[in-house]
Amino acid sequence: MAHFRRFRNPLVVLATCVALAGTAVSSASAVAAVPISGAGSTSAENAIITWSANAASLGLRVSYAGTGSSDGRNQFKNGTVDFAVSDLPYGLTDNGVTDTPPSRPFSYLPIVAGPVAFAYHLTVNGQRLTGLRLSGTTLAKIFTQAVTVWNDPAIQADNPGLTLPATAITPVVRADGSATTETFTHWMATEQPSLWNAYCAAAGRATPCAATSFYPGVPGTNMISVALSSGVAGYVAQPQNEGSITYVESTYAQAAALPVAKVLNAAGYYTAPSAGAVSVSLLTAQLDSSLTANLDGAFTDTDPRAYPLPQVSYLIVPTSTAAPFTVDKGATLGAFASYALCGGANEAQLLGYTPLPQNIVQADLNAIPRIPGAGAPTVGAATCAALATTLIANTPQPQPCDQLGAVVCGSSQLPTESIDTTLPPGSLVISVDANPQVVLPSPVLDPSGALLRTSGSLSPLTVTDNRAGDPGWSVSAQAGDFSDGMGHSIAGLNLGWTPSVIDATAAQTVTVGSPVAPGNGGGLSTARTWATATGLGTTHLGADVQLDVPTSTLAGTYTATLTVTAI
């Protein structure tokens, strides 16, 4: 009971099961004391265990161990269980080894279906990503290591409107024999043979490479192998396993609260692995005389609603009383199978499975009486398959935004926030750091005796630029004539300089102006470049000046103004 309490109130489930199963099973009370046991598929495990618990109200005692489809088939073959559940039939050849059928007579009963879903763990800007879309080619590339990062152009092309991170992809595959692996690899072998054969060759397998229940490993890849469906889902769900993706049944993705990808179908639409989409794809199933289903038609189903990777699980039941099976056990097994097909369909859907369509249910109901001791079901296929029929009729057509090439529905499944800021225009400021009154020493006679000369340094100039757009600047200077205020003067052309850069912000590139000798080309009486710069920040400029004074100049204190311009 603990297993299904996670999904629904057990009193409601119990009442529903009694009402439905009581009309479908005629022999439940007669077999109440005869227990049966089974083993096998983890794909179907959640459904089988829930049905077993609910059917106890009818006096049916059914125990089940989810040990994997391969083990379930082996246990049934060896006679250690009364029934098996497998997602694969006997007789398949895997990497040169054929799984031979048991010697005792048996039959397959398709009992539950669901999708091979692709659950993932990906965070973008601190938010878990949902709504991911993947084409078949992209999926094959991910699980053959041809695509190894989430922002690969192949994945980005499937998801217009999403900005995906450069996070490494960690494919998580089954370490044990798994029908989910067989279904997925069969799909790759059929639909993406070039990618699958290249990967198999790297793994040391013969090509062309067929389907396999054991996913081949290639040394040196980023692939992780984990046993059981619960194991792969649990690995991907861990917070530290960012960037991981796995193929798994929807029921396990649902239990682990993992998002699953929409997969591109043959009609050109990305579809989620919903019960409705899988029910639509199951309409293509072809049952052979043993009641095994060929699902290849789903790969190329052109119904826009179809999910392209369905999977069916089978009850493997005895059709003789070869030991250890008995007629009394057959009565229990027949009643349980009838309940699962009819009364259990609703509960299976709540767990993430897909109810079977009427054609498959009808074939099952016809086959149940072949189990020794089983009574004939008392409810018809139309009634038992009513849930699937309604589900198919009500499955809507996909949205236009789910079509190949369209922007991901809702423009993005990621939360977004609008962030605004106003960038001020900034300014260009120049200032003199110290006393703007520069005093030069008294001129002394030049060795040539032709002029008087004095020199000194200008006070440092600070240029600060924080303007938006990084326009750059140019600083120049020009001197007027020197005057003693009494009508006597020294021409400004007699002043020269050697400009310099004291320091500058690292982001700036500053180019200093050329030296100018007194009297050369008009000296500083003509505007001269002090420095030019690109980049924002603060620059300190300096300059040494030299003044040549004619010997005919009368004694006195002479003053001139140096005008500095920044643009």
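Student: Leaving aside neighbours within four places in sequence, which residues is Tyr215 in contact with?
Tutor: Tyr215 is in contact with Phe143, Val173, Arg174, Thr181, Phe184, Thr185, Met188, Trp196, Tyr199, Met223 and Tyr247, where contact means heavy atoms within 4.5 Å. The model is predicted, so local features need pLDDT of at least 70 and side-chain atom pairs count only at pLDDT 80 or more, while totals for chains, interfaces and linings use all residues. Residues are numbered from 1 along each chain as its sequence is written, and side-chain values use heavy atoms, without hydrogens and water.

Student: Which members of the largest nonpolar core touch the most others?
Tutor: Trp51, Phe118, Phe143 and Tyr215 do, in a core of 97 residues. Such a core is a set of buried Ala, Val, Leu, Ile, Met, Phe, Trp, Tyr and Cys residues joined through side-chain atoms within 4.5 Å; buried means under 20% relative accessible area (1.4 Å probe, protein chains only).

Student: Which strand gives the most to this core?
Tutor: Strand S6, residues 106-120, with eight residues. Strands (E, at least two residues) and helices (H or I, at least four) are DSSP runs numbered from the N terminus.

Student: Turning to helices, which residues of H15 are buried?
Tutor: In H15 (residues 358-367), these are Ile360, Val361, Ala363, Asp364, Leu365 and Ala367. They pack against S6, strand S15 (286-287), H13 and helix H16 (381-384).

Student: And which residues make the contact of H3 with H13?
Tutor: H3 gives Ile48, Trp51, Ser52, Asn54 and Ala55, and H13 gives Phe336, Tyr339 and Ala340.

Definitions and conventions: Buried < 20%, exposed > 50% of the residue type's maximum accessible area, 1.4 Å probe, protein only.
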